[in-house]
Amino acid sequence: VMSGGLYSSCRTSLSSSKSGASLGSYYSLQSLNDDRVWALPYSIRVLLESAIRNADGSLVTKDDVEKILSYYSGNTAGNVEVP
């Protein structure tokens, strides 16, 4: 698991309501503050979460995340590949 990453600000801790102990963390799509997220089908949101979790600026870039967010925009010519 990456400790930093391009979208580390989206990383949210999950803790137990009873003990307050850390149960782990996840990358919150809501933290992207982008309305396009909620128009995406669930399966594409899963792909988006994986992309922001693994974005390192090399293998997965901000441009790759933008391509996923633009899934319905029609701004891309032909098929688009994302890692």
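Asn33 sits out in the open: the residue is exposed, at 70% relative accessible area (exposed means over 50%, buried under 20%, and partly exposed in between, with a 1.4 Å probe and protein chains only). Asn33 belongs to the loop between strand E2 (22-27) and H1, and its phi is near 50 degrees, a positive value in a residue other than glycine. Most residues other than glycine have a negative phi.

A quick note on the source: this is a predicted model, with local features needing pLDDT of at least 70, side-chain atom pairs counted only at pLDDT 80 or more, and totals for chains, interfaces and linings using all residues. Residues are numbered from 1 along each chain as its sequence is written, and side-chain values use heavy atoms, leaving out hydrogens and water.

On to the helices (DSSP runs of H or I, at least four residues). The axes of H1 (residues 42-54) and H2 (residues 62-69) come within 10 Å and cross at roughly 170 degrees, so the two are roughly antiparallel (an angle over 145 degrees). Ile44, Leu47, Leu48, Ala51 and Ile52 of H1 meet Val65, Ile68 and Leu69 of H2, contact being heavy atoms within 4.5 Å. By type, the contact residues are eight nonpolar, no polar and no charged.

Beyond its neighbours within four places in sequence, Leu48 contacts Leu29, Leu32, Val37, Leu40, Val65, Ile68 and Leu69.

Terms used
Axes are lines fitted to C-alpha atoms, for helices over the stretch in contact, and angles run from 0 to 180 degrees between N-to-C directions. Angles under 35 degrees count as roughly parallel, over 145 as roughly antiparallel, 65 to 115 as roughly perpendicular and the rest as oblique. Ala, Val, Leu, Ile, Met, Phe, Trp, Tyr, Cys and Pro count as nonpolar, Asp, Glu, Lys and Arg as charged, and the others, Gly among them, as polar.
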